Amino acid sequence: MRNAFVAALLLATASGASLAQVDVSNPWVRATVPQQKASGAFMSITAAKGGRLVEARSPVAGVVEIHEMKLENNVMRMRAVAGLDLPAGKTVELKPGGYHVMLMELRQQMKEGDSVPITLVVEGQDKKRATVEVKAVVRALTSDPMAGHKH
Ligand SMILES: [Cu+2]
């Protein structure tokens, strides 16, 4: 994990993105099937000085929201949240079954191996906003037996 963390940091530096002392590691997007209009993006976010993830954007989606997933009466439900707190120095995991960046009104299929640009807007303790650019790789969540079939 350490290597992935460093790689993400170097990538952000190389592209000239504002780091805002926010490090994002292992960003990925769940692959979709044709006609599927929504998917989730997942990653680990660490804000050295703390902050709050208040917005996410991506050119591949018409609407992007920050979602939380919770088990309620034995049913998994997800809902949009206004933001996600990033405690100082603590890594916050966005993962299936938990918080995620919801990509909706997808403009294209998310194909395994593709790279999806996502912009995260993080508000610092001083209320200043900074953007963090990440490139999420598209991954299949499970080994779907139909995945990879070409008809
Ligand atoms: Cu969602």
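This is a predicted model: local features need pLDDT of at least 70, side-chain atom pairs count only at pLDDT 80 or more; totals for chains, interfaces and linings use all residues.
Which residues touch the most other members of the largest nonpolar core?

1. **The core.** Val 29, Ile 45 and Leu 120 are the residues that touch the most other members of the largest nonpolar core, which has 29 residues. Leaving out residues up to four places away in sequence, Leu 120 touches Val 24, Met 43, Ile 45, Leu 53, Glu 55, Ala 56, Ala 130, Thr 131, Val 132 and Val 134.

2. **The copper site.** Next, have a look at the metal. Four side-chain atoms coordinate the copper ion: ND1 of His 67, SD of Met 78, NE2 of His 100 and SD of Met 102, at 2.1 to 2.3 Å. The arrangement is tetrahedral because the angles subtended by the 4 donor atoms run from 99 to 120°, and four donors count as tetrahedral if all angles lie between 85 and 135 degrees. For orientation, the ideal angle for four tetrahedral donors is 109.5 degrees.

3. **Where the copper ligands come from.** Along the sequence, the donor residues follow the spacing H-x10-M-x21-H-x1-M. The two histidines link distant parts of the chain: His 67 belongs to strand E4 (residues 61–72) and His 100 to strand E8 (residues 100–106), 33 residues apart. His 67 has a relative accessibility of 6%, so it counts as buried. His 100 is also buried, at 4%.

4. **The aromatic pair.** How many aromatic pairs does the structure hold? There is 1. Its rings belong to Trp 28 and Phe 42; their centres are 4.7 Å apart and their planes meet at 35°, so the pair counts as tilted. The pair joins distant parts of the chain, with Trp 28 in strand E1 (residues 22–30) and Phe 42 in strand E2 (residues 38–47), 14 residues apart. Trp 28 is buried, with a relative accessible area of 10%, and Phe 42 is buried as well, at 2%.

5. **Two loop residues with positive phi.** Most residues other than glycine have a negative phi, which makes the next two worth a look. Gln 35 is not a glycine, yet its phi is positive, about 80°. This residue sits in the loop between E1 and E2 and is exposed, with a relative accessible area of 70%. Lys 127, again not a glycine, has a positive phi of about 70°. You will find Lys 127 in the loop between E9 and strand E10 (129–139), where its relative accessible area of 62% makes it exposed.

6. **Thr 32, in a loop but buried.** Is Thr 32 buried or exposed? The residue is placed in the loop between E1 and E2, and its relative accessible area of 6% makes it buried. A polar atom of the Thr 32 side chain lies 2.8 Å from the backbone nitrogen of Met 110. Setting aside residues up to four places away in sequence, Thr 32 touches Ala 38, Ser 39, Leu 106, Gln 109 and Met 110.

7. **Thr 119 and its partner.** Thr 119 is part of strand E9 (residues 115–124). At 13% relative accessibility, Thr 119 counts as buried. Its side chain makes a polar contact of 2.8 Å with the side chain of Glu 133. Beyond neighbours within four places in sequence, Thr 119 is in contact with Glu 55, Ala 56, Arg 57, Thr 131, Val 132 and Glu 133.

8. **Arg 129, on the exposed side of the scale.** Arg 129 lies in strand E10 and is exposed, with a relative accessible area of 51%; the cut-off for exposed is over 50%. The side chains of Arg 129 and Glu 123 make a polar contact at 3.4 Å. With neighbours within four places in sequence set aside, Arg 129 contacts Val 54, Glu 55, Val 121, Val 122 and Glu 123. The C-alpha atoms of Arg 129 and Leu 53 are separated by 9.5 Å, while the two residues are 76 residues apart along the chain.

Definitions and conventions:
Residues are numbered from 1 along each chain as its sequence is written. Side-chain values use heavy atoms; hydrogens and water are left out. Rings of Phe, Tyr and Trp (its six-membered ring) pair if their centres lie within 6.5 Å; planes under 30 degrees apart count as stacked, over 60 as edge-to-face and the rest as tilted. Helices (H or I, at least four residues) and strands (E, at least two) are DSSP runs, numbered from the N terminus. Buried means under 20% relative accessible area, exposed over 50%, partly exposed in between (1.4 Å probe, protein chains only). A nonpolar core is a set of buried Ala, Val, Leu, Ile, Met, Phe, Trp, Tyr and Cys residues joined through side-chain atoms within 4.5 Å. Contact means heavy atoms within 4.5 Å. Donors are N, O and S atoms within 2.8 Å of the metal (3.2 Å for Na, K and Ca); water is not among the atoms, so sites may look incomplete. Four donors count as tetrahedral if all angles lie between 85 and 135 degrees; four count as square planar and six as octahedral if opposite donors are over 155 degrees apart and all others between 65 and 115; anything else is irregular. A polar contact is a pair of N or O atoms within 3.5 Å; within protein, one must be able to donate a hydrogen and the other to accept it, and residues adjacent in sequence count only if both atoms are side-chain atoms.
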